[in-house]
Amino acid sequence: MNLRVPNRAFTRVATALALTLAFAGASTGLLHGPEAQALTVSSGSMSFSGDAGDYISGGQSYSYSPAAGDTLNVNGSSDDNHISVSVDGANGDWWYLDLAAPAGQQLAPGDYTGATRYPFNEATEPGLSIDGNGRGCNTLTGSFSVADVVFGPNGYVQKLDATYEQHCEGGTAALRGEIHIDNPAPPAALDLGVAIDLKGTASYLNGKATIGGTVSCNEPTQVNVSGTVTQVAHRILIKGSYATKVACQPGAPVTWTATAAPTGTTPFQKGDVEVQAQAQAQDPHYGQTVTVTQTAVVALSKG
(Lines give C-alpha, C1' and ligand atoms only; values in the text may rest on other atoms or scores of the structure.)
Protein backbone atom coordinates (compact mmCIF):
# COMPACT_ATOMS: atom_id res chain seq x y z
CA MET A 1 0.00 0.00 0.00
CA ASN A 2 1.21 3.50 -0.80
CA LEU A 3 0.30 6.47 1.35
CA ARG A 4 0.02 9.37 -1.06
CA VAL A 5 -0.84 12.96 -0.19
CA PRO A 6 -0.63 15.19 -3.29
CA ASN A 7 0.02 18.89 -2.87
CA ARG A 8 -3.46 19.50 -4.21
CA ALA A 9 -4.84 18.00 -1.00
CA PHE A 10 -3.80 21.15 0.83
CA THR A 11 -5.81 23.22 -1.66
CA ARG A 12 -8.81 21.02 -0.92
CA VAL A 13 -8.33 21.59 2.79
CA ALA A 14 -8.37 25.35 2.29
CA THR A 15 -11.42 25.15 0.02
CA ALA A 16 -13.21 22.81 2.41
CA LEU A 17 -12.42 25.09 5.34
CA ALA A 18 -13.92 28.09 3.57
CA LEU A 19 -17.01 26.12 2.62
CA THR A 20 -17.32 24.71 6.14
CA LEU A 21 -17.14 28.15 7.73
CA ALA A 22 -19.82 29.39 5.35
CA PHE A 23 -21.98 26.36 6.11
CA ALA A 24 -21.25 25.92 9.83
CA GLY A 25 -24.44 27.56 11.04
CA ALA A 26 -26.61 25.13 9.10
CA SER A 27 -25.02 21.78 10.00
CA THR A 28 -24.08 19.81 13.07
CA GLY A 29 -21.63 17.46 11.35
CA LEU A 30 -20.84 13.82 12.09
CA LEU A 31 -17.89 11.83 13.36
CA HIS A 32 -16.99 8.80 11.22
CA GLY A 33 -14.54 5.94 11.71
CA PRO A 34 -10.85 6.65 11.15
CA GLU A 35 -9.53 6.32 7.63
CA ALA A 36 -7.08 3.69 6.47
CA GLN A 37 -4.00 4.44 4.40
CA ALA A 38 -4.71 5.45 0.81
CA LEU A 39 -4.23 2.66 -1.71
CA THR A 40 -3.28 3.41 -5.29
CA VAL A 41 -5.92 1.84 -7.54
CA SER A 42 -4.45 -0.79 -9.85
CA SER A 43 -7.43 -1.08 -12.19
CA GLY A 44 -10.53 1.05 -12.51
CA SER A 45 -11.97 4.34 -13.69
CA MET A 46 -13.88 7.40 -12.57
CA SER A 47 -16.00 9.48 -14.92
CA PHE A 48 -18.68 12.13 -14.65
CA SER A 49 -20.47 14.82 -16.63
CA GLY A 50 -22.79 17.65 -15.74
CA ASP A 51 -25.82 19.47 -17.06
CA ALA A 52 -25.43 23.02 -18.28
CA GLY A 53 -25.40 25.13 -15.13
CA ASP A 54 -23.81 22.49 -12.89
CA TYR A 55 -21.14 24.38 -10.94
CA ILE A 56 -18.75 21.48 -10.28
CA SER A 57 -18.46 20.08 -13.81
CA GLY A 58 -19.17 23.33 -15.67
CA GLY A 59 -21.34 21.26 -17.98
CA GLN A 60 -18.31 19.29 -19.18
CA SER A 61 -17.44 15.57 -19.20
CA TYR A 62 -14.42 14.04 -17.46
CA SER A 63 -12.91 10.56 -17.43
CA TYR A 64 -9.85 9.14 -15.63
CA SER A 65 -8.20 5.75 -15.30
CA PRO A 66 -4.79 4.25 -14.46
CA ALA A 67 -4.69 2.89 -18.01
CA ALA A 68 -4.74 6.49 -19.30
CA GLY A 69 -1.90 7.55 -16.99
CA ASP A 70 -4.09 9.03 -14.26
CA THR A 71 -3.62 8.16 -10.60
CA LEU A 72 -6.59 7.10 -8.51
CA ASN A 73 -6.25 6.55 -4.77
CA VAL A 74 -8.89 4.97 -2.54
CA ASN A 75 -9.30 4.49 1.17
CA GLY A 76 -12.12 3.41 3.44
CA SER A 77 -13.01 4.03 7.05
CA SER A 78 -12.15 1.32 9.54
CA ASP A 79 -15.87 0.65 10.10
CA ASP A 80 -16.51 0.21 6.33
CA ASN A 81 -18.98 3.13 6.45
CA HIS A 82 -17.21 5.50 4.07
CA ILE A 83 -15.08 5.35 0.91
CA SER A 84 -13.03 8.26 -0.40
CA VAL A 85 -11.50 8.35 -3.88
CA SER A 86 -9.00 10.94 -5.09
CA VAL A 87 -8.03 11.55 -8.71
CA ASP A 88 -4.70 13.03 -9.79
CA GLY A 89 -5.16 13.47 -13.52
CA ALA A 90 -2.26 13.23 -15.93
CA ASN A 91 -3.49 16.57 -17.33
CA GLY A 92 -3.30 18.26 -13.92
CA ASP A 93 -6.95 17.81 -12.92
CA TRP A 94 -7.71 16.80 -9.35
CA TRP A 95 -10.97 15.52 -7.90
CA TYR A 96 -12.33 13.90 -4.76
CA LEU A 97 -15.34 11.61 -4.37
CA ASP A 98 -16.86 10.59 -1.03
CA LEU A 99 -19.59 7.99 -0.55
CA ALA A 100 -20.90 7.12 2.93
CA ALA A 101 -23.74 5.08 4.35
CA PRO A 102 -25.81 6.52 7.20
CA ALA A 103 -24.03 6.51 10.56
CA GLY A 104 -23.57 3.08 12.10
CA GLN A 105 -24.08 1.23 8.82
CA GLN A 106 -21.60 -0.44 6.51
CA LEU A 107 -21.54 0.70 2.90
CA ALA A 108 -23.17 -2.15 0.98
CA PRO A 109 -24.82 -2.80 -2.39
CA GLY A 110 -28.06 -0.86 -2.72
CA ASP A 111 -29.60 2.52 -3.47
CA TYR A 112 -28.82 5.48 -1.22
CA THR A 113 -31.29 8.33 -1.68
CA GLY A 114 -31.55 11.62 0.17
CA ALA A 115 -27.77 12.03 0.37
CA THR A 116 -26.32 15.32 1.60
CA ARG A 117 -22.84 16.78 1.73
CA TYR A 118 -20.26 14.50 3.37
CA PRO A 119 -19.08 14.77 6.16
CA PHE A 120 -21.92 17.03 7.32
CA ASN A 121 -24.69 14.56 6.53
CA GLU A 122 -27.06 13.87 9.43
CA ALA A 123 -26.85 10.49 11.14
CA THR A 124 -29.82 9.10 9.21
CA GLU A 125 -28.62 10.38 5.83
CA PRO A 126 -26.12 8.96 3.34
CA GLY A 127 -23.12 11.18 2.62
CA LEU A 128 -22.00 12.27 -0.85
CA SER A 129 -19.54 14.77 -2.24
CA ILE A 130 -17.63 15.30 -5.45
CA ASP A 131 -15.39 18.33 -5.61
CA GLY A 132 -12.08 19.39 -7.07
CA ASN A 133 -10.30 21.67 -9.52
CA GLY A 134 -10.99 24.41 -6.97
CA ARG A 135 -14.76 23.89 -6.91
CA GLY A 136 -17.02 22.52 -4.17
CA CYS A 137 -20.62 22.73 -3.02
CA ASN A 138 -21.61 24.54 0.18
CA THR A 139 -24.71 22.36 0.35
CA LEU A 140 -25.78 19.53 -1.88
CA THR A 141 -28.42 16.89 -2.39
CA GLY A 142 -28.13 13.71 -4.35
CA SER A 143 -28.14 9.95 -4.43
CA PHE A 144 -25.88 7.07 -5.30
CA SER A 145 -26.25 3.40 -6.07
CA VAL A 146 -23.70 0.75 -5.11
CA ALA A 147 -23.72 -2.28 -7.40
CA ASP A 148 -20.77 -4.00 -5.70
CA VAL A 149 -18.36 -3.22 -2.87
CA VAL A 150 -15.80 -5.48 -1.20
CA PHE A 151 -13.76 -4.43 1.82
CA GLY A 152 -10.67 -6.03 3.28
CA PRO A 153 -9.13 -5.44 6.72
CA ASN A 154 -8.73 -1.91 8.11
CA GLY A 155 -10.70 -0.13 5.40
CA TYR A 156 -8.94 -1.77 2.44
CA VAL A 157 -11.15 -1.30 -0.62
CA GLN A 158 -10.85 -4.26 -2.98
CA LYS A 159 -13.82 -3.53 -5.22
CA LEU A 160 -16.28 -0.71 -5.79
CA ASP A 161 -18.83 -0.24 -8.55
CA ALA A 162 -21.18 2.69 -8.04
CA THR A 163 -23.03 5.50 -9.80
CA TYR A 164 -23.87 8.88 -8.28
CA GLU A 165 -25.86 12.07 -8.90
CA GLN A 166 -25.21 15.40 -7.18
CA HIS A 167 -27.03 18.76 -7.13
CA CYS A 168 -25.26 21.84 -5.72
CA GLU A 169 -27.02 24.49 -3.61
CA GLY A 170 -30.49 23.04 -4.18
CA GLY A 171 -30.25 23.50 -7.95
CA THR A 172 -31.85 21.32 -10.58
CA ALA A 173 -28.70 21.00 -12.69
CA ALA A 174 -27.06 17.66 -11.96
CA LEU A 175 -23.63 16.07 -12.06
CA ARG A 176 -23.79 12.34 -12.83
CA GLY A 177 -20.97 9.84 -12.80
CA GLU A 178 -19.66 6.41 -11.99
CA ILE A 179 -16.72 4.85 -10.20
CA HIS A 180 -15.18 1.43 -10.79
CA ILE A 181 -12.35 0.01 -8.68
CA ASP A 182 -10.81 -3.44 -8.91
CA ASN A 183 -7.81 -3.97 -6.61
CA PRO A 184 -5.94 -7.17 -5.72
CA ALA A 185 -7.11 -9.26 -2.81
CA PRO A 186 -6.01 -7.62 0.44
CA PRO A 187 -2.93 -8.81 2.31
CA ALA A 188 -3.55 -10.33 5.72
CA ALA A 189 -3.66 -7.98 8.66
CA LEU A 190 -0.81 -8.25 11.17
CA ASP A 191 -1.48 -11.07 13.64
CA LEU A 192 0.63 -10.44 16.74
CA GLY A 193 1.05 -12.60 19.83
CA VAL A 194 2.95 -12.32 23.11
CA ALA A 195 3.71 -14.94 25.76
CA ILE A 196 5.41 -14.73 29.16
CA ASP A 197 7.81 -17.32 30.58
CA LEU A 198 6.63 -18.67 33.93
CA LYS A 199 10.12 -18.52 35.45
CA GLY A 200 12.42 -15.52 36.01
CA THR A 201 15.20 -14.37 38.31
CA ALA A 202 15.68 -11.82 41.09
CA SER A 203 19.26 -10.52 41.16
CA TYR A 204 21.34 -10.79 44.33
CA LEU A 205 23.45 -7.85 43.20
CA ASN A 206 20.97 -5.15 42.19
CA GLY A 207 17.52 -6.45 43.15
CA LYS A 208 16.23 -6.31 39.60
CA ALA A 209 13.83 -8.88 38.14
CA THR A 210 14.66 -10.48 34.82
CA ILE A 211 11.73 -11.89 32.92
CA GLY A 212 11.11 -12.97 29.35
CA GLY A 213 8.88 -14.69 26.88
CA THR A 214 8.18 -14.86 23.16
CA VAL A 215 6.43 -12.87 20.47
CA SER A 216 4.91 -14.26 17.28
CA CYS A 217 3.78 -12.66 14.04
CA ASN A 218 2.62 -13.47 10.52
CA GLU A 219 4.63 -10.63 8.92
CA PRO A 220 8.19 -9.39 9.62
CA THR A 221 7.94 -6.46 12.01
CA GLN A 222 9.68 -4.70 14.89
CA VAL A 223 7.87 -5.39 18.16
CA ASN A 224 8.02 -3.20 21.26
CA VAL A 225 7.45 -5.22 24.42
CA SER A 226 6.81 -3.38 27.69
CA GLY A 227 5.04 -3.90 30.97
CA THR A 228 5.26 -4.11 34.72
CA VAL A 229 6.45 -6.57 37.37
CA THR A 230 4.58 -6.48 40.70
CA GLN A 231 5.31 -8.36 43.91
CA VAL A 232 4.15 -8.23 47.53
CA ALA A 233 6.81 -9.45 49.96
CA HIS A 234 6.64 -9.04 53.74
CA ARG A 235 3.66 -6.70 53.23
CA ILE A 236 5.75 -4.42 51.03
CA LEU A 237 4.61 -3.63 47.47
CA ILE A 238 7.51 -3.95 45.03
CA LYS A 239 6.96 -2.75 41.50
CA GLY A 240 9.04 -2.03 38.41
CA SER A 241 8.60 -1.48 34.69
CA TYR A 242 10.51 -2.79 31.68
CA ALA A 243 10.75 -2.25 27.93
CA THR A 244 12.59 -3.96 25.11
CA LYS A 245 12.47 -4.41 21.33
CA VAL A 246 12.67 -7.53 19.22
CA ALA A 247 12.65 -8.20 15.48
CA CYS A 248 9.84 -10.66 14.87
CA GLN A 249 9.89 -13.05 11.92
CA PRO A 250 7.02 -15.34 10.95
CA GLY A 251 7.38 -19.08 11.29
CA ALA A 252 8.45 -19.50 14.91
CA PRO A 253 8.16 -17.58 18.20
CA VAL A 254 10.99 -15.10 18.85
CA THR A 255 12.42 -14.77 22.36
CA TRP A 256 12.38 -11.50 24.31
CA THR A 257 14.11 -10.74 27.62
CA ALA A 258 13.85 -7.65 29.82
CA THR A 259 14.86 -6.38 33.25
CA ALA A 260 12.66 -4.45 35.66
CA ALA A 261 14.26 -2.30 38.38
CA PRO A 262 12.24 -1.81 41.60
CA THR A 263 10.96 1.73 41.96
CA GLY A 264 11.62 1.81 45.73
CA THR A 265 14.47 0.65 47.95
CA THR A 266 13.17 -2.90 48.43
CA PRO A 267 14.61 -5.37 45.89
CA PHE A 268 12.59 -8.00 44.10
CA GLN A 269 12.49 -11.21 46.16
CA LYS A 270 12.51 -14.90 45.43
CA GLY A 271 8.86 -15.89 44.92
CA ASP A 272 5.86 -15.15 42.77
CA VAL A 273 5.37 -11.90 40.85
CA GLU A 274 2.67 -10.70 38.50
CA VAL A 275 4.01 -9.80 35.06
CA GLN A 276 1.98 -7.72 32.64
CA ALA A 277 3.26 -7.62 29.06
CA GLN A 278 2.16 -5.49 26.13
CA ALA A 279 3.45 -6.13 22.61
CA GLN A 280 2.98 -3.39 20.03
CA ALA A 281 3.93 -3.24 16.34
CA GLN A 282 3.04 -1.38 13.16
CA ASP A 283 1.13 -3.32 10.54
CA PRO A 284 3.43 -3.17 7.48
CA HIS A 285 0.52 -3.21 5.03
CA TYR A 286 -2.13 -1.05 6.65
CA GLY A 287 -0.12 1.31 8.85
CA GLN A 288 -2.24 0.45 11.89
CA THR A 289 -0.71 -0.01 15.34
CA VAL A 290 -1.48 -3.52 16.63
CA THR A 291 -1.39 -4.11 20.38
CA VAL A 292 -1.78 -7.34 22.35
CA THR A 293 -1.47 -7.89 26.10
CA GLN A 294 -0.82 -10.80 28.43
CA THR A 295 -0.64 -11.26 32.22
CA ALA A 296 0.97 -14.18 34.05
CA VAL A 297 2.22 -15.21 37.48
CA VAL A 298 5.98 -15.77 37.25
CA ALA A 299 8.13 -17.58 39.83
CA LEU A 300 11.39 -15.70 40.52
CA SER A 301 14.43 -17.57 41.70
CA LYS A 302 17.56 -15.94 43.06
CA GLY A 303 20.20 -15.37 40.45
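Two strands pair if DSSP finds at least two bridges between them. Strands (E, at least two residues) and helices (H or I, at least four) are DSSP runs, numbered from the N terminus. With that in hand, let us walk through this predicted model, where local features need pLDDT of at least 70, side-chain atom pairs count only at pLDDT 80 or more, and totals for chains, interfaces and linings use all residues. Residues are numbered from 1 along each chain as its sequence is written, and side-chain values use heavy atoms, with hydrogens and water left out.

The protein chain has 19 strands and 1 helix. Look for an open sheet of 11 strands with mixed pairing, in the order β1-β4-β5-β6-β8-β7-β9-β10-β11-β2-β3. At its edges stand β1 (39–40) and β3 (61–64), each with a single partner strand, so one side of each has no neighbour in the sheet. Within the sheet, β10 (residues 157–168) runs antiparallel to β11 (residues 175–182), joined by 8 bridges. Here Q166 stands opposite L175 in β11.

Now to the 2 disulfides (pairs of cysteine sulfur atoms within 2.5 Å). In one of them, the sulfur atoms of C137 and C168 are 1.7 Å apart. C137 lies in the loop between β8 (127–132) and β9 (140–151) and C168 in strand β10, so the pair ties together parts that are 31 residues apart in sequence.

C217 and C248 form a disulfide too, with their sulfur atoms 2.2 Å apart. C217 belongs to strand β14 (residues 209–217) and C248 to strand β16 (residues 236–248), so this pair links parts that are 31 residues apart in sequence.
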